[in-house]
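Reader: I'd like a close look at one part of this model. Please keep it brisk and go residue by residue.

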Amino acid sequence: MTRHTGWGRRIRHTAPAVITAVALLAGCEGLPEADSPAGDGGGSASDGRAVSPLENPDGTGPGLAPVTGERDRAAAVALIEKVTTKGRGPKTGYERDAFGYAWMDTADGVPLARNGCDTRNDLLKLHGENVEFRSGSDCVVVSMDLYDPYTGKDIAWKKAKAAEVQIDHVVPLSYSWQMGASRWTESKREQLANDALNLLPVEGRANSAKSDSGPASWLPPDKRIRCSYAIRFAQVALKYEMAVTAADKETMLEQCGG
């Protein structure tokens with residue numbers, strides 16, 4: 001079975017026993033607590049395989065690394081300050097299909113579109129490590145290792161239990177609907193739903209807990225990543241010229257020290 005390793009996109013054949021041994025050696029020993037404060041300088045399983053959202057404005061880099069240091073946090077506050085605010089409108093008329101069918105590969109104008117692989121599998125390949133594909137395919141992911149930025153957990157994922165990893169829309173689609181997407185063109189809504197900037201593979205339970213909440217109602221359990229999450233939320237809002245609620249903006253600023 002083909003195996004995708006690291007960010008250099010090297011493909012090679014590796015025996016399952018070797019993969020298992022590597023996973024056992026990697027382990028979770030020494031991982032910091034999920035509720036440790038942001039910017040505490042501790043190491044994590046994301047080290048070396050996640051980038052800061054400030055260095056990843058199009059979302060095509062892997063992971064979501066913590067933002068630390070006064071300069072970067074100041075840059076984060078400046079970015080979030082650019083986001084406009086307004087009240088959250090009604091959810092009347094919202095349906096998932098208004099944003100195109102799930103994980104379409106034909107949402108033009110976003111990274112990874114029309115590459116022959118659906119959006120979900122694109123995101124698994126982008127953010128996962130030790131990725132294995134279905135026999136005869138270079139698209140359908142059947143197993144991988146994922147560092148979940150929301151919880152700080154390492155997840156050994158297999159397609160047989162697909163719901164353990166879900167693709168989160170950082171700015172939820174129903175949230176965007178209430179903030180003006182109901183009046184967007186269909187193509188713009190399809191872009192938001194399939195844009196790598198607005199998508200992260202995360203633990204299924206965390207994604208379910210978030211539902212369609214904005215930052216004032218839900219933040220990642222791992223406090224170290226909350227400023228990064230706020231930045232990503234702001235990046236999406238700015239790209240799509242979408243306002244957030246005043247409470248959400250205030251919470252986003254607070255996470256980065258603003």
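What is the relative accessibility of Asn130, and does Asn130 count as buried or exposed?

Author: First, the ground rules. This is a predicted model, so local features need pLDDT of at least 70 and side-chain atom pairs count only at pLDDT 80 or more, while totals for chains, interfaces and linings use all residues. Residues are numbered from 1 along each chain as its sequence is written, and side-chain values use heavy atoms, without hydrogens or water.

Asn130 counts as buried because its relative accessibility is 16%. Buried means under 20% relative accessible area, exposed over 50%, and partly exposed in between, with a 1.4 Å probe and protein chains only. Asn130 sits in strand 3, residues 129–133. Strands (E, at least two residues) and helices (H or I, at least four) are DSSP runs, numbered from the N terminus. The phi of Asn130 is near 55 degrees, a positive value in a residue other than glycine.

Glu241 also has a positive phi without being glycine, near 50 degrees. Its place is the loop between helix 7 (226–239) and helix 8. Glu241 is exposed, because its relative accessible area is 72%.

Now to helix 8 itself, residues 246–255, which holds Asp248. Asp248 is buried yet has no salt bridge. A salt bridge needs a side-chain nitrogen of Lys or Arg within 4 Å of a carboxyl oxygen of Asp or Glu. The nearest side chain of opposite charge, Arg88, is 5.1 Å away. Lys and Arg count as positive, Asp and Glu as negative; His and the chain ends are not counted. A polar atom of the Asp248 side chain lies 2.7 Å from the backbone nitrogen of Ala216. Leaving out residues up to four places away in sequence, Asp248 touches Tyr175, Gly214, Pro215, Ala216 and Ser217. Contact here means heavy atoms within 4.5 Å.

Tyr175 leads on to the rings. Ring pairs link Tyr175 with Tyr150, Trp218, Tyr229 and Phe233 into a cluster. Rings of Phe, Tyr and Trp (its six-membered ring) pair if their centres lie within 6.5 Å; planes under 30 degrees apart are stacked, over 60 edge-to-face, and the rest tilted. The count comes to nine aromatic pairs. One of them, Tyr94 with Phe99, is tilted, at 6.1 Å centre to centre and 55 degrees between the planes. Tyr94 counts as partly exposed because its relative accessibility is 25%. Phe99 counts as buried, at 0%.

Notes
A polar contact is a pair of N or O atoms within 3.5 Å; within protein, one must be able to donate a hydrogen and the other to accept it, and residues adjacent in sequence count only if both atoms are side-chain atoms.
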